[in-house]
Amino acid sequence: MNKKKILYIEDDETLAFLTADNLEQYFHVTHCNNGKKGFEFFCKETFDIVVLDVMLPDMDGFEIAEHIRKKNKEIPIIFLSAKTMKEDRIKGLKLGADDYLIKPYSIEELILKIEVFLTRSQKNGEKNIKKTYEFGTFTFEPENYLIKNKTQKITLTEREAQLLKLFLDHPNTVLKREKILIELWGSDDYFLGRSLDVFISRLRKIIKEEPNLAIENIPRVGFKWVNE
């Protein structure tokens with residue numbers, strides 16, 4: 001069986017050696033110690049997942065993730081960082097990262113998360129999404145992350161599109177915060193919850209002129225997509 005390919009970008013030589021050595025037991029690892037070169041590798045080769053530090057020479061991890069998402073909206077991205085401020089975690093997740101692990105991290109946890117995201121990515125790739133959704137005056141194309149009506153076209157991020165699809169698949173149903181977080185990120189985490197609130201706010205702005213649509217906040221429980 002072919003090993004999945006990881007692009008691992010880390011400039012700390014000791015940490016990179018230890019991490020890559022452990023990951024190589026399960027995956028094919030391409031390591032780069034420079035942000036700019038790391039992104040060049042990404043553009044030249046095909047990888048299944050990207051694992052990267054935030055503080056890197058030449059191009060930091062946030063900038064790399066932003067460039068990656070412009071080229072590929074699907075590939076999982078995991079940040080590994082010593083930056084513990086919640087603002088940094090939220091920024092990374094808003095850029096489209098799937099997770100943000102704080103250094104020092106557990107190798108076992110990293111491997112588990114990589115396997116979870118690779119499995120989910122494979123399942124998503126196997127799905128042949130043809131369905132479009134109608135709500136209010138809008139049509140939603142999940143595969144293109146696109147909402148449109150007669151007057152406007154709105155491109156969502158991958159997470160926003162996943163969230164909207166989840167709501168549309170469960171109309172007038174209370175969805176618990178934990179279910180949404182696990183469905184979208186594979187983890188029920190405080191910082192992921194902050195990102196979820198940002199995505200909810202954006203969807204509410206999009207539908208605010210639609211009289212029959214709303215996203216209701218159910219205190220201490222979750223949210224409900226109301227379509228009357």
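Reader: Which helix is Ala-161 found in?
Author: Ala-161 sits in helix 6, residues 158-169. Helices here are DSSP runs of H or I, at least four residues, numbered from the N terminus.

Reader: What sort of model and numbering is this?
Author: The model is predicted: local features need pLDDT of at least 70, side-chain atom pairs count only at pLDDT 80 or more, and totals for chains, interfaces and linings use all residues. Residues are numbered from 1 along each chain as its sequence is written, and side-chain values use heavy atoms, with hydrogens and water left out.

Reader: Is Ala-161 buried or exposed?
Author: Ala-161 is buried, at a relative accessible area of 3%. Buried means under 20% relative accessible area, exposed over 50%, partly exposed in between (1.4 Å probe, protein chains only).

Reader: What is Ala-161 in contact with?
Author: Phe-140, Tyr-145 and Leu-156, leaving aside neighbours within four places in sequence. Contact means heavy atoms within 4.5 Å.

Reader: New topic. Which residues of helix 7 are buried?
Author: Ile-180, Leu-181, Leu-184 and Trp-185, in a helix that covers residues 177-185. Seen down the helix 7 axis, they fall within an arc of 95°, so they line one face. That arc is taken over directions from the helix axis to the C-beta atoms.

Reader: What follows helix 7?
Author: Gly-186, with a positive phi near 80°.

Reader: And which residues meet between helix 2 and helix 3?
Author: Gly-35, Phe-39, Phe-42 and Cys-43 of helix 2 meet Ile-64, His-67, Ile-68 and Lys-71 of helix 3.

Methods
Helix = DSSP H or I, 4+ residues; strand = E, 2+ residues; numbered from the N terminus.
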